Amino acid sequence: MSLELIKDILLATVPLLVIFPSLFAFTTWMERKALARIQNRIGPNKIGIPCTRIGLFGLGQPAADGIKMIFKEDIVPRGADKLFHLLAPILALIPAMLILCFLPLEFPWGKFMSGQVQAFLLDSAVIFFFAISGLATLAIFMAGWASRNKYSLLGGMRAVAQMVSYEIPLVLSAVVVVMMAGSLNAKEIADVQTGFNWFVLTPWGLAAFIVFFVAALAETNRSPFDLPEAESEIIAGYFTEYSGFKFALFFLGEYIAMFAISGLAVTLFLGAGDGPFLAVAPWLSVVWFIAKIFGLIAVMIWLRGTLPRLRVDQLMAFAWKFLLPLSIFNILLAGMSHHVTVAYPGTTAQVVTWTVSLVGMYVMAKGLDKISRSTAKPREYLYAE
Amino acid sequence: MSILGGGIFKGMAVTLRNFVGSYFSKERFITTNEYSWRPESELPQSIGDYPKEEGEQLSDTTTVNHYSRNFPMLLHDTGEPMDTIRCVACQICERECPPQCIYIEKSTEKKENADGKPQFYPAKFDIDVSVCMSCQICVEVCPFDAIVMNSQFELSTPDRFGGLLVRRDDLLKSNDYYHKIHPQEAATRDERMAADKAAKEAKKKAAAEKAKAAAEAKAAAAEAANESKEDTE
Amino acid sequence: MTQEITFWVLAVIAVLGALVAVRRRNLIHGVFALMIFFAALAGLFLLLLAEFIAAVQILVYIGAVGILLLFAIMLTERVTGDDARDITSRGSFWGWVAALAVLVFLLLPAIQSADLPQTTEPYNPSVKALGQQMMNPYVVTLEVLALLLTAALIGAVAASQGGEKKKEDADDA
């Protein structure tokens, strides 16, 4: 292994390991602030510069949280499987960090690299992304099982069922983009979309983006799909028995996974680093990319502040009876609109494909919704109304 | 025909309004401060200043408190709290409580309640604040309408061992106070209780009348039988 | 040199993972050891520049088969995994002997006599080439496979529903 190669690898990976964890700290602050404002509270506002009364809108909160997490006692339950209890948070973080490599983030220092070591240049980057992000399920199950706590195990089982179910609509909605771009290479998919040819601006792309985003919410256990960690039902789900730094690792892993999957959504549908002024300053592409990720994260936080949690049966029905048929139908529509626009170039064909696709999708969604409503029985409660 | 997913956008509009509004109007913060209607000079400065008088935490200006439920309280009717307490220490709530935070000790002898009926009463009725999860199941299961939710939520205390266990006498609140904090709920509850009582009495009366009628009929029948017996003889 | 070191590290991990998977009495440990084996195998595929196969190996074997195994174990009573011992049996010695015999007398001669292509040129099929192969010469095979899988899926659904119906009938009777 030559020095050149080591330098290249460091240049490709270290920025990711620095940028995203710092963004994580900022995101926790942003999330707490936004949720507080949604609930008419102020949110963290005390901790700013130490030893002064300057609050800086509570921007010091993540640092204070981090210090607290590190110094907190690490408790391992007596009946726990010690090895797995230790491994689970590490295993939760590793895939999340790994899949960041498959995002086509082209840093300006890329030109100092002698070879092509960036993972997003792989021919099958998108498949790798899905394959490795699926490993997070195992970590969650491991945590739930190793804690030897019924709530943890319930959370772990819920997580496995949920993540396995939602991976399918997630992948199927990404398939459309792979079909249209004709490549699994993240860089090529990004390049196809330059000049505002974003896939979200096509009828099938829009539908796929919505399905993808919903499935991504479930995949990262975000509200309203946060059943694996539902506080009001199973305490904290799979990380009930975790404290201190191990808990922080889970937390970090969860947020990094959020960044990664938002990053994939940006790559596949929102034109990756595409944006204005790129001709003047090419380095802006990274800024656009991260700004778009933050846009998606903001929507996730907004949704978390808005929607109540789903029930388990609703969750499963939604994945298998709604999103899955919808994404398969979308693949058909995408093929149709591609061939129509190739055969008949012109605005008329464009308009026709837009109308047919959107109306078709809407009718399909409405029909699926109606079917699921007609078969679903209202749940009977003993105490509440 | 409603638009698919329209509810989500509606909800998001509401939260967005709250998000933006919280930067512009101070009144929005009213839900998170029990004392928000007071001028700043009168706000509690230290723990000792926290008023614990009945109804003190209520603002006249906000209706939000009418829907807030935080911690259970025991109801008594007008009169001396312990003379008119509704709770009969049946311990249903203690058994139903999911986190098991209610501790009841039944009295040894009976005492007259507000209706003048001799009943048991709780010699001890403690609820642990640190365990209670505000689920309101105790309220749902109580057959005597003796336990309802209070909306007082500034329950912090400097004493973490004794102070977090709220004793019977602190839990006791009058029905008038209940009317003050949850007017609608209290009114419907009173109405229902009155109706139940009336129905019970009517039933009792009907039963008594029925019994009386049955007794009379029996007597008449017996008489008739006697007469017929006599006739045959 | 680097490649050789990587190969041996991955090979040792794979063999150890497989051994642990077989010998652990704790089923969950066994499944995770099996997944380590799968992961090491994916690493070996990567070393052979078969990146697509490596990705599919992770996706299918760890992401699907492994999780299916976990699901199956969760339905059994052994989910707690109290038993930390390894599986031991009196016949294990003869088992080892049989396995070694197979290795020495069957596999090694087979490998030695096999006419493996000796090439120094790295063969790096792109995903595109793979896809074109699948869609052109092998398209019939692919479609037949797809049909078979669909039939299996429908069969599974039918079987699970039939069972429920039977149960309902039994309840009615």
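Helix 1 of chain C passes helix 2 of chain C in a left-handed crossing, where left-handed means that the near helix is turned anticlockwise from the far one by less than a right angle, and right-handed that it is turned clockwise. This is a predicted model, in which local features need pLDDT of at least 70 and side-chain atom pairs count only at pLDDT 80 or more, while totals for chains, interfaces and linings use all residues. Residues are numbered from 1 along each chain as its sequence is written, and chains are lettered from A and ligands numbered from 1 in the order in which they are written. Helices (H or I, at least four residues) and strands (E, at least two) are DSSP runs, numbered from the N terminus.

**The helix pair of chain C**

- The axes of helix 1 (residues 2–23) and helix 2 (residues 27–47) of chain C come within 8 Å and cross at roughly 155°; axes are lines fitted to C-alpha atoms, for helices over the stretch in contact, and angles run from 0 to 180 degrees between N-to-C directions.
- Helix 1 of chain C and helix 2 of chain C are therefore roughly antiparallel, given that angles under 35 degrees count as roughly parallel, over 145 as roughly antiparallel, 65 to 115 as roughly perpendicular and the rest as oblique.
- Among the residues that make this contact are C:Phe7, C:Leu10 and C:Ile13 of helix 1 of chain C, and C:Leu34, C:Phe37 and C:Leu41 of helix 2 of chain C; residues are in contact if their C-beta atoms, placed from the backbone, lie within 7 Å.
- By class, the contact of helix 1 with helix 2 of chain C has 15 nonpolar, five polar and no charged residues, where Ala, Val, Leu, Ile, Met, Phe, Trp, Tyr, Cys and Pro count as nonpolar, Asp, Glu, Lys and Arg as charged, and the others, Gly among them, as polar.

**The helix pair of chain A**

- Helix 10 (residues 244–269) and helix 11 (residues 284–306) of chain A pack at an angle of about 115°, with their axes 9 Å apart, and that makes helix 10 of chain A roughly perpendicular to helix 11 of chain A.
- The crossing of helix 10 of chain A and helix 11 of chain A is right-handed, and the residues in contact include A:Met258, A:Phe259 and A:Val266 of helix 10 of chain A, together with A:Phe289, A:Ile293 and A:Met300 of helix 11 of chain A.
- The contact of helix 10 with helix 11 of chain A is made up of nine nonpolar, two polar and one charged residues.

**The two sheets of chain B**

- Three strands of chain B form an open sheet in the order 6-1-8, with mixed pairing; strands pair if DSSP finds at least two bridges between them.
- Strand 6 (147–150) and strand 8 (172–174) of chain B stand at the edges of this sheet, each with a single partner strand, so one side of each is left without a neighbour in the sheet.
- Strand 1 (residues 71–76) and strand 8 of chain B pair in the parallel sense over three bridges, and B:His76 has B:Ser174 of strand 8 of chain B as its bridge partner.
- Another open sheet of three strands in chain B has the order 2-5-7, with antiparallel pairing, and strand 2 and strand 7 of chain B stand at its edges, each with a single partner strand, so one side of each is left without a neighbour in the sheet.
- Strand 2 (residues 102–106) and strand 5 (residues 122–128) of chain B run antiparallel and are joined by five bridges, with B:Ile102 opposite B:Ile127 of strand 5 of chain B.
- Two bridges pair strand 5 of chain B with strand 7 (residues 165–166) of chain B in the antiparallel sense; the bridge partner of B:Ile127 in strand 7 of chain B is B:Val166, and B:Asp128 stands opposite B:Leu165.

**Contacts between chains**

- The contact between chain A and chain C takes 19 residues from chain A and 16 residues from chain C, and the side of chain A that touches chain C has 15 nonpolar, three polar and one charged residues.
- In the contact of chain B with chain A, 14 residues of chain B meet 14 residues of chain A, and helix 1 of chain B gives the most to the side of chain B that touches chain A, with seven residues.

Definitions and conventions. Two residues are in contact if their C-beta atoms, placed from the backbone, lie within 7 Å.
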